[in-house]
Amino acid sequence: MADYVVVGGGSAGCALAGRLAMSNSGNVVVLEGGPRDRHPLIHIPAGFVKLLGSKLLHHYKVEAQEGLGGRTPIMPQGAVLGGGGSVNATIYIRGQRADYDTWSSLGAKGWSYADVLPYFRRAEDNDRFSDAYHGTKGPLGVSDLRQVNDLTRAFVRSAQEAGIPFTPDFNGRKQRGVGYNQTTTRNAKRCSAAVAYLRPALASGSLEVRTGCFVTNILFEGDRAVGVEYQQNGVRQTIRAEKEVILSAGAVQTPKLLMLSGVGPEEELKRHGIAVRHRLEGVGQNLQDHLEFPAIRYCTGRYGYFGEDTLVRSARNGLQYLLFKSGPVMSNVTEACAFVNVDDMEEEPNIQFHFVPIVFMDSDQEQIKRAGATVNPCVLRPRSRGEIRLRSTNPADHPLIDPRYLSHPEDMRLSVKGLKLAREILAQPAFAPFVEKAEAFPGPDVEDEATLQSYIRSKGKTVYHPVGTCRMGTDDLAVVDPQLRVRGLRNLRIVDNSIMPTLISGNTNASAIMIGEKASDLIRGIDPLPPSNA
């Protein structure tokens, strides 16, 4: 028996569980399907590159995408304590003011930018900023990069040469500009939500973390959630929740668990012979994700991080990291970004550029062993909508994931303009000392609208940001209300990125932590933090 059972130890679940345990709100049990975050590469900034293909991530294969020429790319998601925050590139991005004001306008009262900014600040321990937008006393370490590659510096200069202004802060008054990322690190180590929230909370005696727990069903008594059923080491077990069951399993697993438990679209449940406990047509709908595609130039020499993973260089780099906390191991590899509106440079951004000082292709693409510079544009607020459905009633089966990338024509229009600007950035004078004159990808023959679109379809890949499948609101298709309570059921909430009505403008880890922070106040029934005037 626990007071609160939190299903999923990802970024939102860790932040929520830590806050509840530290506030003496009752006993909290976190059930995480993956292992503890003990792998040494998790805690080294550059280690995530080696983890992308590991068992610390689910490698979901999405359904054939018409918008990607029938391809079935992989959508990796964290499968370890700390979730994506333990295996991502540690980029700290919050999105734009308009993102959250849009949530509020869609029925998510209490989730405007003014409402959520205080929770971002409460979470944050920033090593550079201390102002109306940034906090310095929170559990989450946010730091400047200690390692920046020469190719990354060339990107920042080249973007400015292409007309994008420099910004020192993507998370301040305006997101627009090019600059260096801040990262969720502290003292030269990754600071995931598991590190930031769970480790301190374990000392309270009110928190228990169980890993290797695969939750298969939510237990109900009438319309009240009373616990969950799970498997651990092949043994079926149950745990009851005296106060609440809280689903924090993410945008893929949370709707799957609801549907397996009889909560979801009526036709989908009946298709699998699942008794309808509670009809909620929005479960699994509204899936959104960022899609990116590369513009690449090969280098004229050994620039960037190519070859740094050879045996000799890895040993040297590892020693430099251990002794001096410097060198390539200190890099998160994605050291810089740019945010720009490709329709009007003066307006708030609609495209994000991730820069990596290597040749970077998706796992289903040809892997090229050459030094290079890659600029990946993505549409920040895609209009395409997909869905999550059940593959079968076997809880071990991955669900059917259909993002329907590029199904809305506006997403392709902006993608083409973003790709053109990425190529323009790589052709600026600041890159000239490092890269070959001829473009590698898309290549000099890809110029007209049709060939640009074809290239985007052939190279498009996830940016690992699925959201929205249990969205928050007040209409008939909303799954949770603005208090994050599952509509029509008692003692059941959802606290993860599945509740986002719309995808935010950037990387989603910081927002997941904010959701956990705000949810902890909602669940305790205390007054929200005062809205910000910033």
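## Close-up views of strands, helices and cavities

View 1. The bridge partner of V245 in β26 is L492. The model shown is predicted: local features require a pLDDT of at least 70, side-chain atom pairs are counted only at pLDDT 80 or more, and totals for chains, interfaces and linings use all residues. Residues are numbered from 1 along each chain as its sequence is written, and side-chain values use heavy atoms, with hydrogens and water left out. Strand β14 and strand β26, which covers residues 492–494, run parallel and are joined by three bridges. Strands (E, at least two residues) and helices (H or I, at least four residues) are DSSP runs numbered from the N terminus, and two strands pair if DSSP finds at least two bridges between them. Strands of a sheet pair through backbone hydrogen bonds, in either a parallel or an antiparallel manner.

**View 2. Strand β14 with β1 and β13.** Strand β14 spans residues 235–247 and pairs with strand β1, residues 2–7, in the parallel sense through five bridges. Within this pairing, Y4 has E244 of β14 as its bridge partner. Strand β13, residues 224–232, pairs with β14 in the antiparallel sense, here over six bridges. Y230 has Q237 of β14 as its bridge partner.

**View 3. The open sheet of β17, β23 and β24.** Three strands form this open sheet in the order β17-β23-β24, with antiparallel pairing. Strand β17 (285–287) and strand β24 (400–402) are the edge strands, each of which pairs on one side only. From one strand to the next, the twist averages 30°. Strand β17 and strand β23, residues 386–389, run antiparallel and are joined by two bridges. In this part of the sheet, Q285 stands opposite E387 of β23. Helix α7, formed by residues 250–260, lies across β23 and β24 and runs at about 50° to β23. Such angles run from 0 to 180 degrees between N-to-C directions, and the axes are lines fitted to C-alpha atoms, for helices over the stretch in contact.

**View 4. The packing of helices α4 and α12.** Helix α4, residues 113–123, packs against helix α12, residues 509–524, at an angle of about 105°, and their axes are 9 Å apart. This angle makes α4 roughly perpendicular to α12, a term used for 65 to 115 degrees, whereas angles under 35 count as roughly parallel, those over 145 as roughly antiparallel and the rest as oblique. Which residues of α4 make the contact? They are V116, Y119, F120, R122 and A123, and the residues of α12 include I513, M514, E517 and R524; contact means heavy atoms within 4.5 Å. The residues of this contact of α4 with α12 comprise seven nonpolar, two polar and five charged. Ala, Val, Leu, Ile, Met, Phe, Trp, Tyr, Cys and Pro count as nonpolar, Asp, Glu, Lys and Arg as charged, and the others, Gly among them, as polar.

View 5. Helix α10, residues 409–426, and helix α11, residues 449–459, pack at an angle of about 95° with their axes 10 Å apart. The two helices α10 and α11 are therefore roughly perpendicular to each other. Helix α10 contributes M412, S415, V416, L419, K420 and R423 to the contact, and helix α11 contributes E449, L452, Q453, Y455, I456 and R457. By class, the contact of α10 with α11 contains six nonpolar, two polar and four charged residues. P442 is found in the loop between α10 and α11. The peptide bond from F441 to P442 is cis, with an omega near 5°.

**View 6. The largest cavity.** The structure holds four cavities of 30 Å³ or more, and the largest has a volume of about 110 Å³. On a 1 Å grid over the protein atoms alone, a cavity is a set of points where a 1.4 Å probe fits but cannot get out, and lining residues have an atom within 4 Å of a point. Grid points are joined across faces, edges and corners, and the volume is the space filled by probe spheres set on the points. Of the 13 residues that line the largest cavity, D289, L291, P382, Y405 and D411 lie nearest its centre. Its lining has seven nonpolar, three polar and three charged residues.

Key
1 Å grid on protein atoms, 1.4 Å probe; cavity = no way out; pocket = protein on both sides within 12 Å on 5 of 7 lines; lining within 4 Å.
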